[in-house]
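Student: I have a protein model open and a list of terms to sort out. Can we go through them one by one?

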Amino acid sequence: MHYRVSMIVMGHPQFETQDDVGIGDGIPPIPEWQMDPTALYDDLSELISMEVDYAVRNVFVRLRSAFQQAQRIHFPTTRLHDLTCFVIHRLLLTAPDTESSHSSSITECIRYAIILYMFIIHGPTYYSHAAMMHSIVIRFIDQLKQLESTPRVYGSLDAWLLAIGLVASTGTPDYQWFIERARIMAASLRLSNWNDVLVRIKCILWMETLQGEDIFRPHWDAIFSTMNHPGACISPGNAGGELLCISPSSLVPSKPEPANTNGRQWDMSVASP
């Protein structure tokens with residue numbers, strides 16, 4: 001007899017994950033989780049220079065390798081589902097207790113951004129994951145605010161973090177928070193269009209999907225439109241219908257600011273005897 005327990009319904013992981021080579025009880029990794037040897041020489045200088053905990057760094061590096069393999073070999077949607085289950089469980093299971101956390105803000109920002117990105121590229125199936133995504137977005141914003149409290153220079157990682165935040169917070173009160181920070185970051189990095197953003201996002205963590213760019217681009221088109229027409233108010237298309245207004249004086253801060261459904265039931269679980 002087998003049963004499935006939904007992480008979406010319960011709101012927290014229901015199973016452990018096997019280790020990186022598939023040993024142990026719990027959700028197994030997909031074959032692509034075994035790193036391509038060439039990934040060891042991938043340029044991760046932007047992350048290596050930061051205090052990213054091993055558990056999150058390991059997921060990040062292996063995901064990059066898996067996504068690169070998916071570009072060369074067909075990656076079935078069922079495989080993406082299995083990968084999403086594994087990654088989200090692994091990252092939530094290793095998340096520190098908020099009351100006694102010694103993890104760095106950059107570690108936690110990357111943790112929650114990866115979780116949200118996996119939700120985004122997987123897409124919903126029979127169950128909506130909006131409630132769980134909203135819960136993760138709240139934690140994500142809290143960590144981004146802590147990250148902002150430390151003086152730092154904007155880079156590609158910030159573009160990636162904010163791009164995910166924009167999509168994940170669409171249609172919620174938190175969307176405007178991401179809009180404001182995204183436009184400041186874009187002005188600071190002198191980004192002028194979606195292609196400028198896409199180049200930076202792809203160098204961090206990106207999986208080529210049929211509608212990948214279409215999900216992210218409308219938010220940035222709206223931001224750049226208001227930046228090119230100061231004082232104008234426009235609707236960001238599918239971003240919830242709220243008008244965005246940006247005045248000329250707010251475009252650049254006085255000082256650098258810190259920083260297809262696959263037809264399967266979304267249950268984020270594994271079968272157990």
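**Terms and cut-offs**

Tutor: Start with D158, which is buried, with a relative accessible area of 5%. Keep in mind that this is a predicted model.

Student: Why is D158 called buried?

Tutor: Buried means under 20% relative accessible area. D158 has 5%, so D158 is buried. You will find D158 in helix α7, residues 156-168.

Student: What makes the pair D158 and R152 a polar contact?

Tutor: A polar contact needs N or O atoms within 3.5 Å, one able to donate a hydrogen and the other to accept it. The side chains of D158 and R152 are joined at 2.6 Å, and that counts as a polar contact.

Student: Where is R152, and is R152 buried or exposed?

Tutor: R152 sits in the loop between α6 (130-148) and α7. Its relative accessibility is 18%. The cut-off for buried is under 20%, so R152 counts as buried.

Student: What secondary structure does the whole protein have?

Tutor: The protein has ten helices and two strands. From the N terminus, the order is α-α-α-α-α-α-α-α-α-α-β-β. Of the 273 residues, 51% are buried. The accessible surface is about 13,100 Å², and carbon and sulfur atoms hold 54% of that surface.

Student: Back to α7. Why is α7 called roughly perpendicular to α10?

Tutor: Take the values. α7 and helix α10 (residues 212-228) pack at an angle of about 100°, with axes 9 Å apart. Angles of 65 to 115 degrees count as roughly perpendicular, so α7 is roughly perpendicular to α10.

Student: Which residues meet there?

Tutor: From α7 come A159, L162, A163, I164, L166 and V167. From α10 come I215, F216, H219, W220 and I223. By class, this contact has ten nonpolar residues, one polar and no charged.

Student: Next, F178. What makes F178 buried?

Tutor: The relative accessibility of F178 is 0%. Under 20% means buried, so F178 counts as buried. F178 belongs to helix α8.

Student: What does F178 touch, apart from residues up to four places away in sequence?

Tutor: F178 touches V137, F140, I141, L144, L162, G165, L166 and S169. Take L166 from that list. L166 is twelve residues from F178 along the chain, with the C-alpha atoms separated by 5.7 Å.

Student: Why is D196 called partly exposed?

Tutor: Partly exposed lies between the buried and exposed cut-offs, 20% and 50%. D196 has 27%, so D196 counts as partly exposed. D196 is in helix α9.

Student: Which residues does D196 contact, leaving aside neighbours within four places in sequence?

Tutor: D196 is in contact with R190 and L191. There is also a polar atom of the D196 side chain 2.8 Å from the backbone nitrogen of S192. As for A159, its C-alpha atom is 9.9 Å from that of D196, and the two are 37 residues apart along the chain.

Student: How do you know that R190 is exposed?

Tutor: Exposed means over 50%. R190 is at 74%, so R190 counts as exposed. R190 is found in the loop between α8 (175-188) and α9 (194-202).

Student: What makes the phi of R190 worth a look?

Tutor: Most residues other than glycine have a negative phi. R190 is not a glycine, yet has a positive phi of about 55°.

Student: Two left. Is N228 buried or exposed?

Tutor: N228 has 53%, and over 50% is exposed, so N228 is exposed. N228 is in helix α10. The C-alpha atoms of N228 and S192 are separated by 8.6 Å, at 36 residues apart along the chain.

Student: And why is M35 called partly exposed?

Tutor: M35 has 25%, between the 20% and 50% cut-offs, so M35 is partly exposed. M35 lies in the loop between α1 (7-10) and α2 (45-48).

Definitions and conventions
Residues are numbered from 1 along each chain as its sequence is written. This is a predicted model: local features need pLDDT of at least 70, side-chain atom pairs count only at pLDDT 80 or more; totals for chains, interfaces and linings use all residues. Side-chain values use heavy atoms; hydrogens and water are left out. Helices (H or I, at least four residues) and strands (E, at least two) are DSSP runs, numbered from the N terminus. Buried means under 20% relative accessible area, exposed over 50%, partly exposed in between (1.4 Å probe, protein chains only). Accessible areas come from the Shrake-Rupley method with a 1.4 Å probe; for residues, only the protein chains shown count as cover. Axes are lines fitted to C-alpha atoms, for helices over the stretch in contact, and angles run from 0 to 180 degrees between N-to-C directions. Angles under 35 degrees count as roughly parallel, over 145 as roughly antiparallel, 65 to 115 as roughly perpendicular and the rest as oblique. Contact means heavy atoms within 4.5 Å. Ala, Val, Leu, Ile, Met, Phe, Trp, Tyr, Cys and Pro count as nonpolar, Asp, Glu, Lys and Arg as charged, and the others, Gly among them, as polar.
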